[in-house]
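Look at the structure first, then read on.

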Amino acid sequence: MLAQPAPVEARLGLVTRWRAAAVAGQIANPDKRHRELIDMVKVGSTLMYSRKWVDVFAQNDCGKGIIVNGIGRDMIKKVAAIMLSLFGMLIFCEAFAGVELNGVFQQGGMVIGKTTPGDVVWVGDKKVRVSQEGRFVFGFGRDHAKKQTLKIERNGQLVETKAVEVAPREYNIQHIDGLPSKHVSPPESVLKRIRQETALVKAARKTNDQRTDFLSTFEWPLLGPITGVYGSQRVLNGQPKRPHYGLDIAAPVGTLVTAPAPGIITLAHDDMYYSGGTVILDHGHGLSSTFIHLSKVLVKDGDVIKTGDPIAEVGSKGRSTGPHLDWRMNWFNQRLDPALIMGPMPEQAEK
Ligand SMILES: [Zn+2]
């Protein structure tokens, strides 16, 4: 008897937790992980409910288990395709030339890599920072192309060129027509201010710090109902507006916002024109979190932050329709989706 597939969010959560375990290299509790994976495939489809399929995932610490099982990479690709159709996301690890990739191979997704220390890694035409332990991170923006090329140089030699597939997503597009034509645009007098503030945000997101806080397990900066999602867009009178890149969590003004992961503050601004109180927390290697519409900023530039440290209070400042936290994630200028990193909001917080 096949159980009803769990809601997308629940499935996402399982996959995300599994990813977190894989990223952290936690194979200390393989039984639990195995059970989770069995549950995951159970809710998805009987097709995958076979020892063989499960083993692919349970032991898939990038290739090791796969080779043991004698299942090749073609099989992994097949499994990945099924995962994509069942769970709406492509998450698995890839192994090639001694490189391991773990993450969400989808627009808005983040991927964490491990390679031989000393390697040079290119993602597209960007040379990425590789830690002393060989760790690196990259991500795919909202409208990222379907493929991304990775190049690995070892001892001055190109050892691998690899195209990874990036699954496209469908975003919630809202058409609103018949609005009065007098649309909201900022008065001339504030354009200069807006430009200056945009430059500050851009500069902060260019930070390429050596810290590897992006390897941490991320925690919710606060709990509350999700009222806005990544990628959604409004088309007003046929005019597409800027997509929404954040994850909105509703909460009363003054609710504490805590750091989802460690990092260093690269921007702390009390009141920006569009975003109100704005904080950027850098997690290293170009991965950053931005928190906006804050009523109160509790940190300053250069503060070193641990997970759970208070950084700000929720507000409705800037262009905002009500008190909420808008949490954005970036890999440099690529916008990532915090929901793909966090999975679902804990149920008790959703009301
Ligand atoms: Zn928002």
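Two strands pair if DSSP finds at least two bridges between them. Helices (H or I, at least four residues) and strands (E, at least two) are DSSP runs, numbered from the N terminus. This is a predicted model, in which local features need pLDDT of at least 70 and side-chain atom pairs count only at pLDDT 80 or more, while totals for chains, interfaces and linings use all residues. Residues are numbered from 1 along each chain as its sequence is written.

The chain has 7 helices and 22 strands. Of its 351 residues, 41% count as buried (20 or more other C-beta atoms within 10 Å of a residue's own; exposed means 12 or fewer, partly exposed in between; C-beta atoms are placed from the backbone). Among contacts with a separation of 6 or more, 62% join residues 24 or more positions apart; a contact means that the C-beta atoms of two residues, placed from the backbone, lie within 7 Å.

Strands of a sheet pair through backbone hydrogen bonds, either parallel or antiparallel. Here, an open sheet of 3 strands has the order 14-20-18, with antiparallel pairing. Strands 14 (256–258) and 18 (296–297) are at the edges with a single partner strand each, so one side of each has no neighbour in the sheet. The two pairings are listed below.

| Pair | Bridges | Opposite residues |
|---|---|---|
| Strand 14 and strand 20 (residues 310–313) | 3 bridges | Thr258 and Pro310 |

Helix 6 covers residues 188–205; at 1.5 Å a residue its 18 residues should span 26 Å, and its end C-alpha atoms are 27 Å apart, which agrees. The expected span is 1.5 Å times one less than the number of residues.

Which residues of helix 6 are buried? They are Glu197, Val201, Ala204 and Arg205. These cover an arc of only 95° around the axis, so they lie on the same side of helix 6; the arc is that of the directions from the helix axis to the C-beta atoms. The buried residues pack against strands 15 (263–272), 16 (276–284), 17 (287–294) and 21 (324–331). The face turned away from the buried side carries exposed residues, including Glu188, Leu191 and Lys192.
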